[in-house]
Amino acid sequence: MALATFLLPARYARQYRDIPNAAPSSAHPLGTDALGRDSMSRLLYGTRVSLLLAPAAALLSTLIAAFLGSVAGLLGGWFERIVLAATDLSLALPWLFLLLVVRALLPLDVPPLVSVVIAFLMMGLLGWQASVRVICAAARGVRDSDFLLLARSTGCKPARLVWRHVAPNLRPLFYAQFFISIPLFILTEANLSILGLGVMEPMPSWGNLLRASRFFRSLANPGGWCLSFFW
């Protein structure tokens, strides 16, 4: 997908206005859409957007969850109660509707590239809640372990405890939360784009490619059937 720019002669936004909704051919293996744009180019570019930026959003949310969960589990007391209360409140809210509200408050006429950054940045900043509870519980489990008691007895400061002792022991859990978040963010971006609040045209993504497939005419032509096969 990273070589899509070099492998395909057609840009994802280029319109062949004389052949809209064209059938698959040697020039356009998956045909064209209603605006005459090459469907294969848009599929590959959209795949690159979704599969490269969803891990970036997952990394951001995992870093936030790792910091809050590790510190809350290690310190305990009032700080842990505040973090868990804020997490429970966030989990009680409909996450997708919260994203819709935040995205609707932003301008709708932003450039396509900016809309990509905004969509995945929102998901990264708002998608940490479920991971915090898991990481906090794991950090609470190692809070009274022998190696932490030994580190405290030598005068190790809380920041160093988190960075040098707690985080390395929870690293497999961080990896698990990161990989679990990736498909969640891919589906969330698809939902936002289907509703017209995700990645903006003409930039393709899996979400707005699915959005274009909601019209019967786009599915009725051979190129549309080829695209719908992938979903």
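The protein chain contains 12 helices and 0 strands, where helices (H or I, at least four residues) and strands (E, at least two) are DSSP runs numbered from the N terminus. This is a predicted model, in which local features need pLDDT of at least 70 and side-chain atom pairs count only at pLDDT 80 or more, while totals for chains, interfaces and linings use all residues. Residues are numbered from 1 along each chain as its sequence is written, and side-chain values use heavy atoms, with hydrogens and water left out.

**The whole chain**

Buried means under 20% relative accessible area, exposed means over 50%, and partly exposed lies in between (1.4 Å probe, protein chains only). Contact means heavy atoms within 4.5 Å. Among contacts in the chain with a separation of 6 or more, 69% are between residues 24 or more positions apart.

**Helix α5**

Next, select residues 112-126, which form α5. This helix has 15 residues and reaches 21 Å from its first C-alpha to its last, close to the 21 Å expected at 1.5 Å a residue; the expected span is 1.5 Å times one less than the number of residues. Colour Ser115, Val116, Ile118, Ala119, Phe120, Met122, Met123 and Gly124, which are buried in α5. Against which helices do the buried residues of α5 pack? They pack against α2, α4 and α9.

**The crossing of α2 and α5**

Two packed helices are described by the angle between their axes and the distance between the axes. The axes of α2 and α5 come within 7 Å and cross at roughly 35°. Axes are lines fitted to C-alpha atoms, for helices over the stretch in contact, and angles run from 0 to 180 degrees between N-to-C directions.

To inspect the contact, show Val49, Ser50, Leu53, Ala54, Ala57, Leu60, Ser61 and Ile64 in α2, which meet Val116, Phe120, Leu121, Met123, Gly124 and Leu125 in α5. These residues divide into 11 nonpolar, 3 polar and no charged. Here Ala, Val, Leu, Ile, Met, Phe, Trp, Tyr, Cys and Pro count as nonpolar, Asp, Glu, Lys and Arg as charged, and the others, Gly among them, as polar.

**The nonpolar cores**

Now select Phe120 and Phe185, which touch the most other members of the largest nonpolar core, a group of 23 residues. A nonpolar core is a set of buried Ala, Val, Leu, Ile, Met, Phe, Trp, Tyr and Cys residues joined through side-chain atoms within 4.5 Å. Leaving aside neighbours within four places in sequence, Phe120 is in contact with Val49, Ser50, Leu53, Ala54, Ala57 and Glu189. Apart from this core lies another, of 22 residues, among them Leu74, Trp128, Val132 and Cys136.

Return to α2 and select Ala58. Ala58 counts as buried because its relative accessible area is 0%. Not counting residues up to four places away in sequence, Ala58 touches Phe178, Ser181, Ile182 and Phe185. The C-alpha atoms of Ala58 and Phe185 are separated by 7.2 Å, although the two are 127 residues apart along the chain.

Move to Thr62, also placed in α2. Is Thr62 buried or exposed? Thr62 is buried, with a relative accessible area of 7%. Beyond neighbours within four places in sequence, Thr62 is in contact with Phe174, Gln177 and Phe178.

Finish at Ala66, which is buried at 12% relative accessibility. Setting aside neighbours within four places in sequence, Ala66 is in contact with Ile135 and Phe174.
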